[in-house]
Amino acid sequence: MGQQQLILLLLGVVIVGLAVVVGIQAFHENESKAAQDRYTEAGIALVGEVMAWYEKPRIFGGAGADPSQLSSVTIAALGYAEDDADANRTGVIAGGTARYVYRTSVPLVQVHEAPLETGSEIVEVAAFGPDPACIVSQRGYHARPGWTSWAGGLPSNPAPAVCAW
């Protein structure tokens with residue numbers, strides 16, 4: 001083989017190797033984004049269930065449009081499978097774990113991969129009122145293990161004059 005042919009062969013091997021590495025990186029990035037999208041959809045669905053539960057009359061097991069009842073809703077009351085770790089507030093949803101929390105008069109849902117570890121992808125969905133326009137979501141990464149820290153703090157109310165329980 002001539003020297004030119006060896007150089008072309010080596011160049012072809014390098015280009016194919018780079019293409020494989022770039023493809024693997026793109027796959028991992030898309031996998032991460034797909035998980036975040038799945039968690040966002042799950043969080044919004046769960047918040048939708050909270051809104052439906054809020055509007056449901058008390059005689060049928062709902063809140064009867066009473067904002068004071070929002071702190072008492074459980075994952076099981078919304079129709080989701082409970083997680084053994086915290087049966088009243090966590091559930092298995094969309095291949096991850098969802099947690100319903102009632103903070104500062106705002107129902108908040110946190111969805112993440114299970115188990116929750118440092119650097120885990122996390123999605124938070126907050127409902128500032130019983131209207132689809134009052135839902136806010138944010139994505140982030142969990143800084144440390146446990147349920148106590150939040151990815152980016154409570155999101156802002158999209159329309160304070162309109163969105164309130």
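Okay, so this chain has one helix and five strands, where helices are DSSP runs of H or I with at least four residues, strands are E runs of at least two, and both are numbered from the N terminus. Going along the sequence, the pattern reads α-β-β-β-β-β.

Quick housekeeping. This is a predicted model, where local features need pLDDT of at least 70 and side-chain atom pairs count only at pLDDT 80 or more, while totals for chains, interfaces and linings use all residues. Residues are numbered from 1 along each chain as its sequence is written, and side-chain values use heavy atoms, with hydrogens and water left out.

Now the chain overall. Of its 165 residues, 33% are buried; buried here is under 20% relative accessible area, exposed is over 50%, and partly exposed is in between, with a 1.4 Å probe and protein chains only. The accessible surface is about 9,300 Å², and 60% of that belongs to carbon and sulfur atoms. Those areas come from the Shrake-Rupley method with a 1.4 Å probe, and for residues only the protein chains shown count as cover. As for contacts (heavy atoms within 4.5 Å), take those between residues at least 6 apart in sequence: 47% of them join residues at least 24 apart.

Next, the cysteines. There's one disulfide in the structure, meaning a pair of cysteine sulfur atoms within 2.5 Å. C134 and C163 form it, with the sulfurs 2.2 Å apart. It links distant parts of the chain: C134 is in the loop between β4 (121–127) and β5 (135–141), and C163 is in the segment after β5, 29 residues apart. The torsion about the S-S bond of C134 and C163 is about -80°, so we call the disulfide left-handed. Both C134 and C163 are buried.

On to the aromatics. Searching the whole structure turns up one aromatic pair. For Phe, Tyr and Trp (its six-membered ring), centres have to lie within 6.5 Å; planes under 30 degrees apart are stacked, over 60 edge-to-face, and the rest tilted. Y54 and W165 have ring centres 4.6 Å apart and planes at 75°, so they're edge-to-face. Y54 sits in helix α1 and W165 in the segment after β5, so the pair ties together parts 111 residues apart in sequence. Y54 and W165 are both buried, too.

Last stop, the surface. At 45% relative accessibility, L6 counts as partly exposed.
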